[in-house]
Amino acid sequence: MEASSLRMFLIQRLIPSHIKIFMPKLVDLLQDVVDSGANVGFLPPFNPAEGRKFWEKVAVSIRDGSCIVLAARADDEIIGTVQLDLATIPNGLHRAELAKLMVHSSQRRQGIGRILLRAVEDEARKAHRNLITVDIPKGDPAEVLYTGMGFVRFGEVPHYVRGVDGELNYTSFYYKQLRTA
Ligand SMILES: CC(C)(COP(=O)(O)OP(=O)(O)OC[C@H]1O[C@@H](n2cnc3c(N)ncnc32)[C@H](O)[C@@H]1OP(=O)(O)O)[C@@H](O)C(=O)NCCC(=O)NCCS
């Protein structure tokens, strides 16, 4: 995907059949984000088969209602995604966990991440989830984005994730309480 000025895009909530249709694009996005040095669960060298397996599991979770995925689509390209995992235990039905907020490296700093985050907050409200949590590798630029969006940092855990350098690193934990109408 070539670096460009902001492309026209739409935010689409994905259903399982979309995951199937867009699988190559979704795997490419994951590959690009891992190759750009981000820690989104996968370590380099990225294995596309692992990426496919990941998205197939996501499709199962969308189908059983425990996960919402939004994609930023520009024509047939997927330039960003965000995932919301809805807690399913009876005492946690008011909360959800954010994951995999990703924007293609050629499309960053144009507001797409912020738009995806706003859109997923709307989805959370619609699903009656007014508490969102997220964990982010400490020092990641995403911390600036989340803080700017009103997320509150409540701590950090050492040795939580392995970084691309092989070392075990700190992870920061955030929450946001959403206003309900
Ligand atoms: C984090 C990420 C999703 C941000 O997406 P984006 O579309 O570039 O973000 P936006 O353009 O909406 O940025 C919104 C604000 O976040 C902050 N921000 C975003 N990227 C930043 C960076 N690299 N450095 C400092 N601040 C940054 C800024 O305050 C920015 O506002 P500004 O551009 O007006 O200054 C993107 O960098 C990415 O995909 N990173 C790899 C995956 C990842 O780390 N995900 C987060 C962990 S779940």
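**A friendly note on this predicted model**

1. Helices here are DSSP runs of H or I with at least four residues, strands are runs of E with at least two, and both are numbered from the N terminus.

2. On the α1 side, the contact is made by P16, I19, M23, L26, V27, L30 and Q31. From α2 come P48, G51, R52, W55, V58, A59, I62 and R63. Two residues are in contact if their C-beta atoms, placed from the backbone, lie within 7 Å. By class, the residues of this contact are 11 nonpolar, 2 polar and 2 charged. Ala, Val, Leu, Ile, Met, Phe, Trp, Tyr, Cys and Pro count as nonpolar, Asp, Glu, Lys and Arg as charged, and the others, Gly among them, as polar.

3. Before going further, please keep in mind that this is a predicted model: local features need pLDDT of at least 70, side-chain atom pairs count only at pLDDT 80 or more, and totals for chains, interfaces and linings use all residues. Residue numbers start from 1 along each chain as its sequence is written.

4. Next, look at the largest nonpolar core, which has 40 residues; V69, L84, L116 and V120 touch the most other members. Such a core is a set of buried Ala, Val, Leu, Ile, Met, Phe, Trp, Tyr and Cys residues joined through C-beta atoms within 7 Å. Helix α1 gives the most to this core, with 8 residues. Leaving aside neighbours within four places in sequence, V69 is in contact with L14, V58, I62, T81 and Q83.

5. V34 sits in helix α1. V34 counts as buried because it has 22 C-beta neighbours inside 10 Å; the cut-offs are 20 or more other C-beta atoms within 10 Å for buried, 12 or fewer for exposed, and partly exposed in between. Beyond neighbours within four places in sequence, V34 is in contact with V40, F42, P44 and F46.

6. Finally, the ligand is surrounded by 20 residues, the closest being A38, R108, G113, P141 and L145; a residue is near a molecule if its C-beta atom, placed from the backbone, lies within 6 Å of it. The shell has 12 nonpolar, 4 polar and 4 charged residues. Its largest share, 4 residues, comes from α4.
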